[in-house]
Amino acid sequence: MQIPWRAAPRAALSSPLTLIVSLVTALLLSFVVAAAVMHSAASGSAAVDYQQDRLCTESLHPSLEMRSPPEQVTPLLDAVRQTVGDQPMLPATYTREARADFGGKQTYAKFGFRPGATDRLTVLEGGSKDGLWVPKSIAMTTDLQLGKRGMGGRLPPVTAIYADLRDPLDAWWCSERSWVIPNTYAKYDLATSVVWMPSAASFADLPRELAGTVDVTVRFPSAVPRTVDEAEDLLATGTARVKPIADQGVRVVSQLVLPVENAHQTVGNVRSAILPLTLISLLIGLAGVATVTVQWAQRRHTELRLLWVRGSGPAALGGRALLELGLPLVVGGALGLGVGRLLVPVYAPSTALPPGTSTTASAAVLVVIALSVATTWATAAVRTHRMFQAATTGTRVRRVLAAVPWELATAGLAVWAWNRVQHSGLATPLKIGGLPRIDAAALAFPLLVVLTTALLAARVARWALKASHRASLWSKPPAQLAIRRLAAAAGPVTGVLLVGVLAIGTIAVGSSIAGSQKTALEFKSGTYTGAESFAQVADDTVLPDVLRGNSTIVGLSEKNEQVVLVVDPKTFNDGAFGHDVDPALLSRPLRIGSAPRREVTLPGLPAINPEEHLPSFPKLGTSGWVVPRDKVTSADDVGSWYVWSAKPLGELTEALADAGIKYRNVGEKKKAVSGLPFLTIQWTFGFVTAIGAVLAVVAAIALLLAIEVRRRQNAVSGAFSTRMGLRPAALLSSHLLELGALAVAALAVGLTASMVSSGFAVPKLDPAPRLTPTPELPDVFPLLVTTVAGSAAVVLVAAWIAVRAVRSARIGELIRD
Amino acid sequence: MADGFDGRPVVADDFDRGAVLADAHDERPVAEHVMRLREVGVEYRTPAGSVTAVSEVSLDVPSSGITVLAGPSGSGKSTLLRVLSLVERPTLGAVELRGAGTAQLSSRARRALRRTEIALVFQNPADNLIGHLTVGDNLRAAAQAAGRAVRVDELLARLGLPDTAGWKVSAMSGGQQQRLAFGCALARGASVVLADEPTSQLDSTSADLVLETLVDLARQGVPVVVASHDPRLIALADTSYELRNGALAA
């Protein structure tokens, strides 16, 4: 290798700024790509995690459920144990409800055994594990005492009375919910909690009239999968493990099948949705790399010309650039990968990355580094070719490229994307519990609008700066100087404006759409359940003291798709979700949304034909009627009654149980609606926000660099101007005007484009259109304040750098070459 | 990347005897004229239309001595020098190097000729040197580009720049830098040395040193073509051509 090439890496140290810019450019570029890989992989983990939270941990591994005569349970479980080998298993056996005699009032009871069950119950009396554990509900009904033996002494003695289990259950009980939760209320005593037997052997000794056919469940506790791969692996190995038993006709319950499918689809949805923006960011980053190389070629012009006349060709001179700028690109790329990995908790929806994600991200970063290196080489080669060999070709190519109306092309894409938004943006799920198909092209609509607007703004700015020589504002020297400085640096100015608009636009689009999905999920869930939590109770239930002020009782009467909600005007707002309805309004019958304006008659209610109207209402959504409770003619005939509470479900059920109020059909807002489709869009646009933040950093650095690169010209002109009488304050205001105009333009265009496009897109991006309300744009004020404050900070710093250069300048030194 | 070098050394003693260049030229065809231009014209396209920089110039560059292209600013001297150095293709006419036409040569072949046959010295001394290399490395780099090696200390002594091999280029005066630039041309063993206004940016003392160097080069049999309007340089010419408005003066 010849000396100029061999000495290139050392020569690079002559311009630390170039090295830093190269390094930061490569860092941001590889960060975006690595983050895109990790974000989409993490979205699968987040989808698994979200769905698991709605499933039961103990039954994530495919489990077995069967009916069997009691005497065959032990051989059956032995066979299962033999088949699954070392895999831990947790069997449970339950009898059906049968009339049981504990000596007092007769009751129904079912008997069960699950190893370790008595360790996970709240003991109220007794506690010895060598006898029956009876739930409080049965103990109260039968006035049962410890030590009693039921069924005429044929049952083991009662050694403990425990508190009935209630929702929400902890993970250990979750899979057994349908057996261990009594699901009863005052008028229905048949369904009971479980009377726990002391051992599996004692279970076999149950009187025949109690045993009958028993239900057997076999769960296989396993490590909870954190990623899609782990979930898929658990499902596959689990299915293979229980297959020999399943082949004998035993029912296999595989809860993970759909979640794994959904998680895969989520990864695909997020990946395809963030791909276009990632590619745009990649192009912007490579353009940055090319710009750095062009500046390098300008700085090294003398040396390059010398090497050229000595016979070096474009390829060799491209190599010269690479030897000087390559190392920062490689180091920056590696740092970007590291930063991407470190910041996973900040930008990704989950910190659990499937194995191989880091390898994929590293490979992607390697490709990015290779592209950056190739861009540097090619740019230097083409640049030197144009500078020394074919001076006119580049100008023509550049003129043609500048003349191409790129914004028309992106506008065309935006129109096409809008068409997709309107017709197939979010299609109906193909299966129950499945995800709706999310169209990446539809999600790209607001971003395409922002990109089009950014390109348009850059073109208009270019024209305006070209025409700015006509502006004569010498009566306001700061403004005139600001315009001239902007016009003199038309290239960097339009570049910064383009990236600035893109940055602000993507941040605004990302945060507003992500925010809209978050609130849509919250409000749709709340409207669907009507309250934070609910439980069905008897019609004569009175709210216990602990629920007063935070709960209300409502009735639901339905007939032929007509729904009437019976409310208590005084307490309704205490328990209902999100709506603060005037109690005076609630004291009269109401027509909700699109409910027909005619007389309606439903069971237990008088005929109603309300005058008053509200557009929407909890539980009813946008169709139905509301009737105050005092109008009810027969509470017993109203279909069902519920306690609606603003408290979490656990607190509601605890309060009801403590008050001795029987309930069933409980539910809570956070699990009422499958949020995965909402979360998919939220995660996608969360990443858009992250890329917007990266672009904002790029715009800020580009602005500061543009100022630093022009430091000498700024210093000369500023120093001359101040010596000719321009006040320092006027100089500062001139720089503030110059940079502020750029920032205000980027803010105004970026925010307007993003808000308009998001405003159109948000109502259409509704994963659950049958549930009200339709997604709406969130409050943009915090976003506005943040972006304005951030832009102002950058402008102030840049203006300070410019003015500082003038203050520290000595004209004598400046004008000497 | 540039080609490797064949290791033929350039030494001060050889230089004194004129043996280096003669030796270097042994393998090359001997011709009366190292370069010839025939009816050469150069036009540039500008937004305002086509501009003629050089028109129908025919001249011969002898195989030895100093040839001066004289003329006022804007007369086309530098353009003609770029054509002679094979950096720029003429719009019209033919350029011959050692009797061989160059019009049909590819860019790659022209680069190869520039690498081994032609040395070009720019007006600004700093433009002829690589600023981040030492003086010695500049000479070595120049020789390497032509596929040669150089005995740096001996060559520097011959140029009147002894013990400066380890210096930074920026530590030298303009005159020293320009002499070093001719040293680089010499280190490359080129068939012809072309210089564009080599004294225009130097004070008279420094310019005198450069003139001495040019005379030395010519004395050793290296053909030198200089574009200049410096009367002292024109006075040294063995052959001179006067350019006016892009054409040879009658």
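This is a predicted model: local features need pLDDT of at least 70, side-chain atom pairs count only at pLDDT 80 or more; totals for chains, interfaces and linings use all residues.

Me: Which residues of α13(A) are the buried ones?

Reply: In α13(A), residues 301-309, they are E303(A), L304(A), L306(A), L307(A), W308(A) and V309(A).

Me: And what does the backbone do just after α13(A)?

Reply: G311(A) sits just after the helix and takes a positive phi of about 105°.

Me: OK, zooming out. How is chain A divided into domains?

Reply: Domain 1 covers 1-55 + 285-402, domain 2 covers 58-255, domain 3 covers 405-527 + 674-817, and domain 4 covers 539-661.

Me: How far apart are the C-alpha centres of domain 1 and domain 2 of chain A?

Reply: They lie 62 Å apart. The two domains do touch, with eight residues of domain 1 of chain A in contact with nine residues of domain 2 of chain A. On the domain 1 side, five of the residues are nonpolar, three are polar and none is charged.

Me: Switching to confidence. What's the mean pLDDT of chain A?

Reply: The mean is 88, and 96% of the residues in chain A reach 70 or more.

Me: Where in chain A is confidence lowest, and where highest?

Reply: The lowest is helix α30 (residues 811-815) of chain A, at a mean of 54. The highest is helix α14 (residues 314-342) of chain A, at 95.

Me: Now chain B on its own. How many helices and strands?

Reply: Chain B has nine helices and 12 strands. Of its 250 residues, 47% count as buried. Taking contacts in chain B between residues at least 6 apart in sequence, 76% join residues at least 24 apart.

Me: What's the order of the six-strand sheet in chain B?

Reply: The order is β7-β9-β10-β4-β11-β12 (chain B), an open sheet with mixed pairing. Its edge strands are β7 (118-121) and β12 (247-248) of chain B, each pairing on one side only.

Me: Inside that sheet, do β4 and β11 of chain B run parallel or antiparallel?

Reply: Parallel: four bridges join β4 (residues 66-70) to β11 (residues 239-244) of chain B. For V68(B), the bridge partner in β11(B) is S240(B).

Me: And the four-strand sheet in chain B, what's its order?

Reply: That open sheet goes β3-β2-β5-β6 (chain B), with antiparallel pairing. The edges are β3 (49-62) and β6 (100-101) of chain B. Between β2 (residues 33-46) and β5 (residues 92-97) of chain B there are five bridges, and M35(B) stands opposite L97(B) in β5(B).

Me: Cores next. Which residues have the most contacts inside the largest nonpolar core?

Reply: V193(B) and L194(B), in a core of 230 residues. Leaving aside neighbours within four places in sequence, V193(B) is in contact with A119(B), V121(B), A185(B), L217(B), V222(B) and V224(B). There is also a second, separate core of 41 residues that includes A535(A), V554(A), F572(A) and A646(A).

Me: Last one: is β13 of chain A mostly covered or mostly open?

Reply: Mostly covered, as five of the six residues in β13 (residues 562-567) of chain A are buried. β13(A) pairs with β12 (residues 551-559) of chain A in the antiparallel sense over five bridges, and L556(A) stands opposite L565(A). Their hairpin has two residues between the strands, and N560(A) there takes a positive phi near 50°. β13(A) also pairs with β16 (residues 623-628) of chain A, in the parallel sense over four bridges, with V567(A) opposite P628(A).

How values were computed: Residues are numbered from 1 along each chain as its sequence is written. Chains are lettered from A and ligands numbered from 1 in the order in which they are written. Domain bounds come from an automatic or database domain assignment. Two residues are in contact if their C-beta atoms, placed from the backbone, lie within 7 Å. Ala, Val, Leu, Ile, Met, Phe, Trp, Tyr, Cys and Pro count as nonpolar, Asp, Glu, Lys and Arg as charged, and the others, Gly among them, as polar. Two strands pair if DSSP finds at least two bridges between them. A residue is buried if 20 or more other C-beta atoms lie within 10 Å of its own, exposed if 12 or fewer, and partly exposed in between; C-beta atoms are placed from the backbone. A nonpolar core is a set of buried Ala, Val, Leu, Ile, Met, Phe, Trp, Tyr and Cys residues joined through C-beta atoms within 7 Å. pLDDT is the predictor's confidence in each residue, from 0 to 100.
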